[in-house]
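Student: I've got a new model open and want to go through it. Can we start with the charged pairs and work outwards?

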Amino acid sequence: MASIWVLFLIQITLMILMIDLSYRVDRFSWRKRALRRLLRSKLHTVVNIMTDAGVVSGVLEQVGSDGIQLEESNGDLVIVPILSIRAILS
């Protein structure tokens, strides 16, 4: 009888973990869509992007599904993952 309750508790715990995981995935999907929409409105303009590693500046050349491409003033191309973007400064 006790083993049935243990299995039941394990099943409930796994269901809660799955719900939490799907919520986290949905939250990131929403954030990525919103960022892509905003970034598309800034295509071919100079932007300053704040990431955990610092600020990256340049002309926004492309907006992909998971990242963006900037061309810095010296001609270097920089790819930034969308989930690494903390703020768009301009």
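Tutor: Fine, but the criterion comes first: a salt bridge here is a side-chain nitrogen of Lys or Arg within 4 Å of a carboxyl oxygen of Asp or Glu. Bear in mind that this is a predicted model.

Student: OK, how many salt bridges does the count come to by this rule?

Tutor: The count is two salt bridges. K32 pairs with D66, with the closest N and O atoms 2.6 Å apart. D52 pairs with R86, and there the closest N and O atoms are 3.0 Å apart.

Student: Where do D52 and R86 lie?

Tutor: D52 is in the loop between strand 1 and strand 2, and R86 is in strand 5, so the pair ties together parts that are 34 residues apart in sequence. D52 counts as exposed, at 63% relative accessibility. R86 is partly exposed, at 42%.

Student: And the K32 and D66 salt bridge, with its 2.6 Å? Which parts of the chain does the pair link?

Tutor: The K32–D66 salt bridge, at 2.6 Å between the closest N and O atoms, links distant parts of the chain. K32 sits in helix 1 and D66 in the loop between strand 2 and strand 3, 34 residues apart. D66 has a relative accessible area of 47%, so D66 is partly exposed.

Student: How does strand 1 pair with strand 2?

Tutor: Strand 1 and strand 2 are antiparallel, over six bridges. They form a hairpin, with two residues between them. T51 has G54 of strand 2 as its bridge partner.

Student: And how many bridges join strand 1 to strand 5?

Tutor: Three, with the two strands running antiparallel. I49 has its bridge partner in strand 5, namely I88.

Student: Which residues of strand 1 are on the covered face, and which on the uncovered one?

Tutor: V47, I49 and T51 make up the covered face, while V46, N48 and M50 make up the uncovered one. In general, side chains in a regular strand alternate between the two faces of the sheet.

Student: Now the core. Which residues touch the most other members of the largest nonpolar core?

Tutor: L39, I49, L60, I68, L70 and I85, out of 13 residues in that core. The elements that give two or more residues to this core are helix 1 (2-40), strand 1 (46-51), strand 2 (54-63), strand 3 (67-71) and strand 4 (77-81). Strand 2 gives the most, with three residues.

Student: What does L60 touch, leaving out residues up to four places away in sequence?

Tutor: L60 touches L39, K42, L43, H44, T45, V47, I68, Q69 and L70.

Student: Q69 is a polar name in that list. Is Q69 buried or exposed?

Tutor: Buried, because its relative accessibility is 19% and the cut-off is under 20%. Q69 is found in strand 3. Leaving aside neighbours within four places in sequence, Q69 is in contact with V59, L60, E61, Q62, L77 and V78.

Student: H44 was on the L60 list too. What is the phi of H44?

Tutor: Phi of H44 is near 65°, which is a positive value in a residue other than glycine. Most residues other than glycine have a negative phi. H44 is in the loop between helix 1 and strand 1, and at 57% relative accessibility H44 counts as exposed.

Student: Last, some totals. What share of the residues in the protein is buried?

Tutor: Buried residues are 21% of the 90 residues. The protein exposes about 6500 Å², of which carbon and sulfur atoms supply 64%. Among contacts with a separation of 6 or more, 39% are between residues 24 or more positions apart.

Technical notes
Residues are numbered from 1 along each chain as its sequence is written. This is a predicted model: local features need pLDDT of at least 70, side-chain atom pairs count only at pLDDT 80 or more; totals for chains, interfaces and linings use all residues. Side-chain values use heavy atoms; hydrogens and water are left out. A nonpolar core is a set of buried Ala, Val, Leu, Ile, Met, Phe, Trp, Tyr and Cys residues joined through side-chain atoms within 4.5 Å. Buried means under 20% relative accessible area, exposed over 50%, partly exposed in between (1.4 Å probe, protein chains only). Helices (H or I, at least four residues) and strands (E, at least two) are DSSP runs, numbered from the N terminus. Contact means heavy atoms within 4.5 Å. Accessible areas come from the Shrake-Rupley method with a 1.4 Å probe; for residues, only the protein chains shown count as cover. Two strands pair if DSSP finds at least two bridges between them.
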